[in-house]
Amino acid sequence: MLTIFVTAIRDYEGKPGDLNYQLNNPGNCRCSPVGYLAKYGKVECIDTDTDSRYHYNVGKFAKFPTYKLGWEYLQNLVHFIAARNPTWTIADFFDHYAPSTDSNDPNAYAHFVAKRCGVSVDTTMDKLFA
């Protein structure tokens with residue numbers, strides 16, 4: 001189910017050519033405030049406010065050395081969040097992962113991913129990844 005969940009995130013975030021593909025960052029993850037494990041290699045922090053190539057997304061996003069590393073990071077991030085918050089629903093997850101304060105629509109995001117997973121947005125993390 002984790003693969004289905006993160007694939008849905010990737011697809012919601014964009015298609016080939018979009019920021020999430022350009023930065024090898026399928027989840028359009030923001031830069032980590034605590035850094036990255038060595039296994040992810042040199043992760044850059046791209047400030048889209050100052051880099052005109054990425055003007056359509058505002059903020060600081062991680063750029064992974066390879067798509068494979070970005071994919072692994074997204075899987076580990078989702079697993080970590082779900083394990084740490086087992087009673088969160090899919091709706092709760094996207095309220096935190098893609099908050100409306102970042103110009104996202106967490107409700108639409110949650111419904112998109114839940115549909116891909118074949119469950120409702122009220123499904124909890126512990127049930128989804130059991």
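This is a predicted model: local features need pLDDT of at least 70, side-chain atom pairs count only at pLDDT 80 or more; totals for chains, interfaces and linings use all residues.
**Cysteines**

The model contains one disulfide, in which cysteine 31 is joined to cysteine 45 with an S to S distance of 2.1 Å. The torsion about the S-S bond of this pair is about 110 degrees, so the disulfide is right-handed. Distant parts of the chain are linked in this way, since cysteine 31 lies in the loop between helix H2 (19-22) and strand E1 (44-47), whereas cysteine 45 lies in strand E1, 14 residues apart. Cysteine 45 is partly exposed, its relative accessible area being 44%.

**Helix H5**

Cysteine 117 is also among the buried residues of H5, which are Pro106, Tyr109, Ala110, Val113, Ala114 and Cys117. Seen down the axis of H5, these buried residues fall within an arc of 125 degrees, so they line one face of the helix. In an α-helix there are 3.6 residues a turn, so residues three or four places apart point the same way. The buried residues of H5 pack against helix H1 (2-13), helix H4 (90-97) and helix H6 (125-128).

Helix H5 itself covers residues 106-117, twelve residues, and reaches 16 Å from its first C-alpha to its last, close to the 16 Å expected at 1.5 Å a residue. Just after H5, glycine 118 adopts a positive phi of about 75 degrees.

Definitions and conventions. Residues are numbered from 1 along each chain as its sequence is written. Side-chain values use heavy atoms; hydrogens and water are left out. A disulfide is a pair of cysteine sulfur atoms within 2.5 Å. Helices (H or I, at least four residues) and strands (E, at least two) are DSSP runs, numbered from the N terminus. Buried means under 20% relative accessible area, exposed over 50%, partly exposed in between (1.4 Å probe, protein chains only). The expected span of a helix is 1.5 Å times one less than its number of residues. The arc is that of the directions from the helix axis to the C-beta atoms. Contact means heavy atoms within 4.5 Å.
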